[in-house]
Each structure stands twice: as structure tokens, then as C-alpha cells.
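Please consult the sequence and the structure while reading.

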Amino acid sequence: MRKPRSMEALEDFSRVRLSPNFFMRDFLYSEIAGFHGLPNLPDDPDLAVAAGRQLCETLLEPLQAAFGRLGIRSGFRSRRVTEFGHRRGECGSVRVNTAYHVWDLRDADGCMGAGATVVVPWFADRYAAGADWRSLAWWIHDHLPYAHLQFFPKLAAFNIQWHEKPARRIDSFIKPRGCLTKPGMANHAGSHVDWYTGFPT
């Protein structure tokens with residue numbers, strides 16, 4: 001598949017279905033790209049689609065099946081958009097985002113990955129009423145084969161990554177900030193069901 005270079009080609013690319021409920025179009029919007037008038041298109045569309053399908057089928061579909069419709073805050077970001085945003089302090093570097101928001105680049109180990117920033121409205125309402133972000137983090141940890149999670153204070157939005165070699169690490173900018181869990185920590189294994197009583201099964 002070639003990089004889209006016309007409106008017709010972009011329309012065709014955006015209609016590529018990644019999973020039953022998600023299309024490529026759902027992940028092409030970038031506030032950085034939109035505000036600054038930059039195209040947000042992959043240099044390697046085939047790799048972007050392959051990684052995006054894994055993200056959607058493995059993580060986003062079961063998450064949406066459990067909690068209802070997801071809000072996609074940010075998905076795919078091109079190298080150009082990422083480099084531009086990083087220079088302005090609006091996002092991380094290409095190195096940090098390779099096989100994460102930059103779906104069409106393999107990482108230094110040759111692995112592919114893809115990530116998105118999402119909001120779970122079902123949980124955002126509860127978070128606004130005082131729910132602890134860790135309840136959702138532990139639910140995802142116990143139910144989904146994520147690679148990395150990173151939580152943010154607004155709406156309890158979080159980055160969720162699929163990767164061929166998942167790190168299984170959770171970080172947060174919400175108090176308590178830092179690393180919640182990673183392999184080797186005492187809290188990593190076992191069930192955390194006490195954290196998410198009343199959550200969908």
C-alpha cells in the first residue's frame with residue numbers, strides 16, 4: 001500500500017477497517033497536525049495498519065465491549081508531526097514514540113507496536129466523583145494483554161499500547177505519580193479484584 005498522495009487515496013486509506021468497530025480514520029486526527037496544518041499520514045501504511053489492527057483487536061475492542069464506547073484522544077502520529085510537536089514541547093520524541101504513537105516504525109529490536117490515548121466515559125464520570133484511577137488500571141492489568149499504560153489527570157485519559165514484546169508496565173501522572181507496577185514488583189502478579197468491585201465483568 002502506498003502512502004496516500006491524493007484526497008481519493010486518503011479517503012480509501014481512512015476507510016481501512018482495523019477491527020469490527022474501528023477504522024483507520026478514527027486514529028488519524030491529531031490536534032498538533034490540525035492546528036499547525038500538517039498532514040498526519042504514515043510513510044509505511046502497511047506497517048501502520050498491521051500494528052493498528054493488533055491494538056484494536058487485542059485491546060480496544062475488549063475494552064469497549066466491557067465499558068461502552070471509547071473516546072479516542074490521540075492515535076497514530078506521523079514521524080513529521082511527532083518531530084514537529086517534540087520541537088515545540090507538545091509531545092514526546094520520535095524515539096520515545098516509535099512503535100507507540102508512531103505506528104509505522106519498528107523499534108530498535110525490530111518489533112512493531114501501536115498505541116492510543118483513550119478516555120473511558122463510563123470511568124471518567126466515576127473518576128470525576130472521586131474514583132481512584134488505579135481501579136481502572138488494575139482492571140486492565142488483570143484482563144488485557146497490554147504492553148504499557150500511562151494515566152493522565154484530565155478525565156483519567158490514558159495511553160494504552162500493544163507491542164510484540166509487552167513490558168506490562170503502568171505509569172501515571174495522577175497521584176500517586178510514577179510507576180504503579182512492572183515485572184519484578186511485588187504487586188505485579190495475582191488478582192487485584194478488590195480494586196475494581198462493581199466493574200463490568
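The model is a predicted one. By this classification, the lining of the largest pocket comprises nine nonpolar, 11 polar and seven charged residues.

The largest pocket holds about 760 Å³ of space. It is lined by 27 residues, and Arg77, His101, Thr117, Phe152 and Asn159 are the closest to its centre. Two or more lining residues come from each of α2, β3 (71–74), α5, β4 (113–119), β5 (148–151) and β6 (158–163). The greatest contribution is that of α5, with three residues.

The second largest pocket has a volume of about 160 Å³. Its lining consists of 13 residues, with Leu10, Leu28, Tyr29, Asn40 and Leu41 nearest the centre. Here the elements that supply two or more residues are α1 (7–14) and α2, and α1 gives the most, with four. Seven residues of this lining are nonpolar, four are polar and two are charged.

Attention now turns to helix α4. Which residues of helix α4 (residues 79–87) are buried? They are Val81, Thr82, Phe84 and Gly85. Because these residues cover an arc of only 165° around the axis, they lie on the same side of α4. An α-helix has 3.6 residues a turn, so residues three or four places apart point the same way. The buried residues of α4 pack against α2 (31–36) and α5 (94–97). Just after α4, Gly89 adopts a positive phi of about 75°.

Definitions and conventions: Residues are numbered from 1 along each chain as its sequence is written. This is a predicted model: local features need pLDDT of at least 70, side-chain atom pairs count only at pLDDT 80 or more; totals for chains, interfaces and linings use all residues. Side-chain values use heavy atoms; hydrogens and water are left out. Buried means under 20% relative accessible area, exposed over 50%, partly exposed in between (1.4 Å probe, protein chains only). The arc is that of the directions from the helix axis to the C-beta atoms. Contact means heavy atoms within 4.5 Å. On a 1 Å grid over the protein atoms alone, a cavity is a set of points where a 1.4 Å probe fits but cannot get out, and a pocket is an open set with protein on both sides within 12 Å along at least five of seven lines; lining residues have an atom within 4 Å of a point. Grid points are joined across faces, edges and corners, and a volume is the space filled by probe spheres set on the points. Ala, Val, Leu, Ile, Met, Phe, Trp, Tyr, Cys and Pro count as nonpolar, Asp, Glu, Lys and Arg as charged, and the others, Gly among them, as polar.
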